[in-house]
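Please read this note with the structure open beside you. The points below are meant for someone who has not looked at the model before.

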Amino acid sequence: MSAALATRTRAALLPGLPPILACLALLLAWQLYARTLSVGGIPDALSTLRELPTILGDPESLYEILDSIRRMAIGFAIALAFSVPLGLFMGRSRVVAALVNPLLMITYPVPKAALMPIIMLWLGVGDASKLLVIVLGVSLPIIYHAYQGARAVEEKMLWSARAMGMSGPGRLARIVLPAALPEILVGCRTGIVLALITMITSEMIARQSGAGNILFNALDMAQYETVYAMILVISALGILLDVVFEQVRSWLTGWAEPRHDLVAPPL
């Protein structure tokens with residue numbers, strides 16, 4: 001058996017081993033750092049891990065975390081329903097692109113969390129303001145990738161469909177959307193990360209409920225084990241969402257297999 005084949009076999013048998021080893025190494029470095037330097041405000045890793053069952057076993061804390069996930073899912077769904085059609089229209093219409101592009105260029109560099117105080121003045125501190133911040137944060141990457149995917153559609157396919165009598169909306173739904181779907185899902189993957197970030201940020205600013213509220217309240221009361229434990233919970237949630245989404249993406253667009261991994265697969 002060649003070295004390359006042996007490497008592939010080991011990767012197939014233990015696909016989750018490298019991430020697990022990386023997490024264990026990080027926890028070990030954290031434990032040694034906290035024990036050696038004894039920096040105030042940085043608990044050791046074992047104390048933080050012991051706090052996780054307390055958080056996840058508390059019905060009130062678990063409800064707040066689930067409430068955050070609900071808020072994130074609603075905001076992401078609204079952004080998806082708005083951004084995909086807009087990006088496709090921009091990709092297929094120069095007029096729409098010329099009208100929308102300047103607005104996107106203006107809003108892109110603005111941190112969405114910085115708008116939270118103004119949005120709170122408009123909509124209050126309830127779900128509406130938090131959902132709007134999530135939608136604003138998620139929309140831009142989805143619009144961009146839908147736009148790029150629509151531009152990449154071969155004109156011959158659209159000409160053939162037009163010659164067969166297919167209407168403009170029909171071509172957009174039956175040709176442009178399926179062809180752009182792999183690129184759209186790349187934008188959705190980025191959007192999930194941004195939805196998580198903006199969700200936590202909005203909950204830390206408008207502190208009523210949610211994982212961000214737990215995190216900030218624990219920081220106020222100097223409960224640093226709870227602070228770091230909540231960071232681990234939020235990180236685990238982000239990793240879980242990314243893994244689940246990648247499975248869905250592979251199922252929907254396995255025929256295209258666009259790879260956007262951070263590292264190259266083993267040879």
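1. Basis. The model is predicted, and local features are described only at pLDDT of at least 70, side-chain atom pairs only at pLDDT 80 or more, while totals for chains, interfaces and linings use all residues. Residues are numbered from 1 along each chain as its sequence is written, and side-chain values use heavy atoms, with hydrogens and water left out.

2. Secondary structure. The protein has 11 helices and zero strands. Here helices (H or I, at least four residues) and strands (E, at least two) are DSSP runs, numbered from the N terminus. In sequence order the pattern reads α-α-α-α-α-α-α-α-α-α-α.

3. Burial and surface. Of the 267 residues, 36% are buried; buried means under 20% relative accessible area, exposed over 50%, and partly exposed in between, with a 1.4 Å probe and protein chains only. The accessible surface is about 15700 Å², and carbon and sulfur atoms account for 71% of that area. These areas come from the Shrake-Rupley method with a 1.4 Å probe, and for residues only the protein chains shown count as cover.

4. Contacts. Taking contacts between residues at least 6 apart in sequence, 70% join residues at least 24 apart. A contact means heavy atoms within 4.5 Å.

5. Second largest pocket. Its volume is about 350 Å³. On a 1 Å grid over the protein atoms alone, a pocket is an open set of points with protein on both sides within 12 Å along at least five of seven lines, a cavity is a set where a 1.4 Å probe fits but cannot get out, and lining residues have an atom within 4 Å of a point. Grid points are joined across faces, edges and corners, and a volume is the space filled by probe spheres set on the points. The pocket lining includes Cys23, Trp30, Leu49 and Ser235. Helix 2 (17–37), helix 3 (45–57) and helix 11 (224–252) each give two or more residues to this lining, and helix 11 has the largest share, with six. By class, 11 lining residues are nonpolar, one is polar and none is charged. Ala, Val, Leu, Ile, Met, Phe, Trp, Tyr, Cys and Pro count as nonpolar, Asp, Glu, Lys and Arg as charged, and the others, Gly among them, as polar.

6. Cavities. Among the residues lining the second largest cavity are Ile65, Ser68, Met199 and Val233. Val233 also lines the second largest pocket. Helix 4 (59–92), helix 9 (168–205) and helix 11 each supply at least two residues to this cavity lining; helix 11 gives the most, four. The lining has eight nonpolar residues, one polar and no charged.

7. Cysteines. How many disulfides are there? The count is zero, a disulfide being a pair of cysteine sulfur atoms within 2.5 Å. Cys23 is partly exposed at 44% relative accessible area, whereas Cys188 is buried at 3%.

8. Ala222. This residue lies in the loop between helix 10 (211–220) and helix 11. Most residues other than glycine have a negative phi. Ala222 is partly exposed, at 42% relative accessibility.

9. Tyr33. Tyr33 belongs to helix 2 and is partly exposed, at 41% relative accessibility. Its C-alpha atom is 9.7 Å from that of Pro43, which is 10 residues away along the chain.
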